[in-house]
Amino acid sequence: MNRRSLAGRLAALAAVTATLGGCASDGDDGAASPVSAPPGTTARRTPDSGGTTSARTPRGTLLVTDFGSDTVTFVDPAARGAAADLGSVRVGTAPYGIALGEDGTAWVATAEGVAAVDTRTRERTALIRYRTDTGPVTTGEYRGGGMGIALSPDGRRAYVGVNVPGGKGTLEVVDTERREVTRVVPVGRRPFDVDVSRDGRQVYATNHDSFDVSVVDTGDWTARRIEVAPYGTEGGLGSWLKPHYTAVRPWDGALLLPFEGERLAVVDPGTGRVRIEDMTANTHQHGVTAGADGTLYVVGTGPIDPSEDDGPSLTVRSPDGDERVVPLDGPHETVALSADGRTAYVSGGFTRDGYWNGLSVVDVATGRVTRLPVGERPLAVAVLGGDDREVVR
């Protein structure tokens with residue numbers, strides 16, 4: 001299908017979407033950002049709990065952001081029904097991305113600030129307010145505040161993409177020990193995703209509404225813009241054909257951005273060169289992650305044009321470009337892998353309407369899909385470490 005012509009046929013819809021922003025200022029080092037204390041943010045107890053009891057978190061427990069609420073939810077992917085929900089922690093309005101530190105702290109980008117969650121005690125230990133003015137705290141697809149988030153390799157910094165409704169976004173740098181914002185770097189519009197190079201020298205903000213990736217040097221904090229628009233930028237804010245999420249290829253650091261189940265943009269962050277490879281799912285694509293061996297997992301949210309496009313799916317793309325497409329039921333948003341790479345967890349949250357409250361658990365080898373109802377519009381998924389931990393239930 002010629003997506004360029006499709007964008008033209010959808011001009012009327014694009015004009016409406018543009019009014020909303022479409023899915024369709026630099027700071028000084030050391031400047032502190034206020035930190036609020038957690039207002040009694042222990043995990044909610046499970047319905048059958050007679051009080052606070054000690055329990056062990058199963059190996060491979062998931063932590064999902066509830067974009068339709070103000071919580072993150074702990075999930076046992078091996079359980080079924082209500083037993084899968086291990087309780088939630090309030091973190092802040094409309095939590096989006098999540099990054100997990102080796103010390104067990106989860107860093108969550110919310111509309112209000114970056115929340116720090118101790119996954120062992122299941123408490124919010126801080127809420128670090130943004131220095132960027134994002135306007136009133138709201139919910140939904142176009143809300144201001146944090147979106148993508150990632151940690152430096154040494155865990156000393158969290159990088160969060162901050163959306164400013166109607167304007168360019170910023171990358172805020174959080175000192176994870178001092179728990180304050182130390183720098184603000186201008187980036188593009190609506191930074192859906194944030195990734196970090198393996199050596200920690202560069203941070204990549206994938207900017208949905210400006211058709212680009214900002215490459216931020218962590219030495220001098222300069223930012224370069226690389227346009228990533230394999231279908232062009234026609235339609236502007238109302239276009240559906242924009243970048244959403246990025247995976248960093250393990251062996252060479254190339255940035256991989258899927259588009260429409262048709263094209264994979266392979267970006268050299270050093271030179272800014274963009275090469276296009278073919279894809280086969282023929283569906284609007286959002287979340288992407290790369291396995292340790294370079295296998296790519298790409299979430300298809302569903303058709304732009306139901307008469308021409310295919311439905312929701314998970315594409316499993318081998319390093320040599322061969323693809324298997326696993327059909328999914330209903331829209332999805334992001335994907336995370338189990339520690340052994342055998343299972344993919346695909347969130348049903350979706351940034352647009354049509355989401356569902358659950359995860360699709362995909363057996364990578366067989367393509368078997370199990371739906372696991374949990375959370376409130378679950379958007380991002382993190383897989384906790386494999387140790388057994390004493391927690392409060």
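Colleague: Why is Thr-218 called buried?

Modeller: Thr-218 has a relative accessible area of 12%, and buried means under 20% relative accessible area, whereas exposed means over 50% and partly exposed lies in between, with a 1.4 Å probe and protein chains only; Thr-218 therefore counts as buried. This is a predicted model, in which local features need pLDDT of at least 70 and side-chain atom pairs count only at pLDDT 80 or more, while totals for chains, interfaces and linings use all residues. Residues are numbered from 1 along each chain as its sequence is written, and side-chain values use heavy atoms, with hydrogens and water left out.

Colleague: Where does Thr-218 sit, and what does Thr-218 touch?

Modeller: Thr-218 lies in the loop between β16 (212-217) and β17 (223-227), where strands are DSSP runs of E with at least two residues and helices are runs of H or I with at least four, numbered from the N terminus. Leaving aside residues up to four places away in sequence, Thr-218 touches Arg-157, Tyr-159, Gly-200, Arg-201, Gln-202 and Val-203, a contact being heavy atoms within 4.5 Å.

Colleague: What distance separates the backbone oxygen of Gly-200 from a polar atom of the side chain of Thr-218?

Modeller: The distance is 2.9 Å, to be set against the limit for a polar contact, which is a pair of N or O atoms within 3.5 Å; within protein, one must be able to donate a hydrogen and the other to accept it, and residues adjacent in sequence count only if both atoms are side-chain atoms.

Colleague: What makes β14 and β17 edge strands?

Modeller: The open sheet has 4 strands in the order β14-β15-β16-β17, with antiparallel pairing. β14 (191-196) and β17 each have a single partner strand, so one side of each is left without a neighbour in the sheet.

Colleague: Why does Thr-93 count as buried?

Modeller: The relative accessibility of Thr-93 is 19%, which is under the limit for buried, so Thr-93 counts as buried. Thr-93 is found in the loop between β5 (85-90) and β6 (98-100), and its side chain makes a polar contact of 2.7 Å with the side chain of Glu-112. Thr-93 and Thr-139 are 46 residues apart in sequence, yet 7.0 Å apart in space from C-alpha to C-alpha.

Colleague: What makes you say that β22 is mostly covered?

Modeller: Of the 7 residues of β22 (residues 284-290), 5 are buried. β22 pairs with β23 (residues 296-302) in the antiparallel sense over 5 bridges, and Thr-289 stands opposite Tyr-297 in β23. The hairpin of β22 and β23 has 5 residues between the strands, and there Gly-294 takes a positive phi near 90°.

Colleague: How much of the protein is buried?

Modeller: Buried residues make up 61% of the 393 residues, in a protein with 2 helices and 31 strands.

Key:
Two strands pair if DSSP finds at least two bridges between them.
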